[in-house]
Amino acid sequence: MRPYAWGSRTAIASLRQKPVPSPHPEAELWFGAHAEGPATVLGPDGGVQGDLLELIDDDPQRALGAASIDQFGARLPLLLKVLAADEPLSLQAHPSAEQAREGFAREEAAGVPIDAPTRNYKDASHKPELIVAISEFDALAGFRDPARTIDLLRELQVRELDPYLGMLVGQPDAEGLRAVFTTWLTLPESSLRTVVPAVLSGAVDALNAGSQFAPELRTALELGEIYPNDPGVLASLLLNRIHLSPNEGLYLPAGVLHAYLSGTGVEIMANSDNVLRGGLTPKHIDVPELLRVLDFAPVDVGDLTPRMRTVGAERIYVTPAPEFRLSRVELEGTGLHQPSSICFDMPGPQILATMGGTIEVRLPGDPPLAVSSGYAVWIPDGDPDVVVRASSSRALFFRARVPVSDPDGSVQARASAVQTPPTL
């Protein structure tokens, strides 16, 4: 559990059927084998038997399988989380694989301690990520079409924005966005104390006049209240404002500037902790390094929406990331409207995380294992076919796995079509 200040005192506690509100904010629940927070492994009697990182290190071949090891090495290449945000996260982006390798090597050669607050690269991996909403979820992601941003800035009618509006009007493309964003991010504090309040005042006036950019302006006002005079408040005006309903997803490749604003979701990513921040945070901000990794090309929201493949009870979120595949599975105890069980017979390691009700996981020769909401089960590559049943009226779980045999999701779809396995 990660008790970051932006976390929720209700979402994860409710998910795990714990007392609400929790004693402190609960921001992220990690299911994986990351060195900074490996998942605890429980035995059949409920006793702690170590952690997932130790379990994988003890027998990587059985845990991960030859195909995953050949492609990603002897480590689990994915990290699964539940993320619950009551306040905005930092404005951030993640490096590409090449940028991560170069940045990590550079900081290692410079002798920057791995736990130093100024360290940018904690590992040599990229960090593509996908979030799927399990509640209403709001985010900023990707630079908006400059033409629309010009309309927004004009509507504000803020004199202090005129120089930056002129920059974008003169160059309404990626280079214009780079120029405006870089200027805002490097404004001296004295200038920020003038520009940001003027923008917030203009946002109030525009909202009162019935602005067409109401969600964007309300977001700027909310950010300005939490982070007064922060350049990230200005930067938010350049980004797509995105709302996800439950079960909708958002995929973020390298270089896409983003900030999660509020809501609860299941997040999966490459097993990395590389983050370059640009504002809305008291943490370290390295402006030159952030500018080096950012992609300023305008992004349509549709380009950040994962492709969907639905087969029976399984809804697969297909992305270009080779390290992970995430799917959502809903089962019904009666089997009247949804299947009551599903069978998985794929190679590669996987994690099943329950988000509602209780599932029963069965492997040949083993007693059934009940996994209730807010908990997960680890299934190594070496295990045989797995049967999952609903042991409550409704059961919802997410399946995270390493797609070693079906990079496009097609083989998974055929395997997942087996919904009514033989009676065990």
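Figure 1. Helices (H or I, at least four residues) and strands (E, at least two) are DSSP runs, numbered from the N terminus. This is a predicted model, in which local features need pLDDT of at least 70 and side-chain atom pairs count only at pLDDT 80 or more, while totals for chains, interfaces and linings use all residues. Residues are numbered from 1 along each chain as its sequence is written, and side-chain values use heavy atoms, with hydrogens and water left out.

Figure 2. H5 covers residues 97-109, and its 13 residues should span 18 Å at 1.5 Å a residue; the end C-alpha atoms are 18 Å apart, which agrees. The expected span is 1.5 Å times one less than the number of residues. Gln 99, Ala 100, Gly 103 and Glu 107 are the buried residues of H5 (buried means under 20% relative accessible area, exposed over 50%, partly exposed in between, with a 1.4 Å probe and protein chains only). These buried residues line one face of the helix, because they fall within an arc of 95° seen down its axis; the arc is that of the directions from the helix axis to the C-beta atoms. An α-helix has 3.6 residues a turn, so residues three or four places apart point the same way. Glu 98 and Ala 109, on the other side of H5, are exposed. Helix H12 (287-293) is included in what covers the buried residues of H5.

**Figure 3. The annotated binding site.** An unreviewed UniProt entry lists Gln 92, His 94, Glu 129 and His 258 under "binding site". They are spread over 167 residues of sequence but cluster in space, with a largest C-alpha distance of 12.5 Å. UniProt positions are given in the numbering used here, feature names are shortened, and annotations may be inferred rather than shown by experiment.

**Figure 4. Gln 92 and its surroundings.** Gln 92 lies in strand S5 (residues 91-93) and counts as buried, at 11% relative accessibility. Not counting residues up to four places away in sequence, Gln 92 touches Val 256, Leu 257, His 258, Val 275, Leu 276 and Arg 277. Contact means heavy atoms within 4.5 Å.

**Figure 5. His 258 and its surroundings.** His 258 lies in strand S10 (residues 258-270) and is buried, with a relative accessible area of 1%. Leaving aside neighbours within four places in sequence, the residues in contact with His 258 include Gln 92, His 94 and Glu 129.
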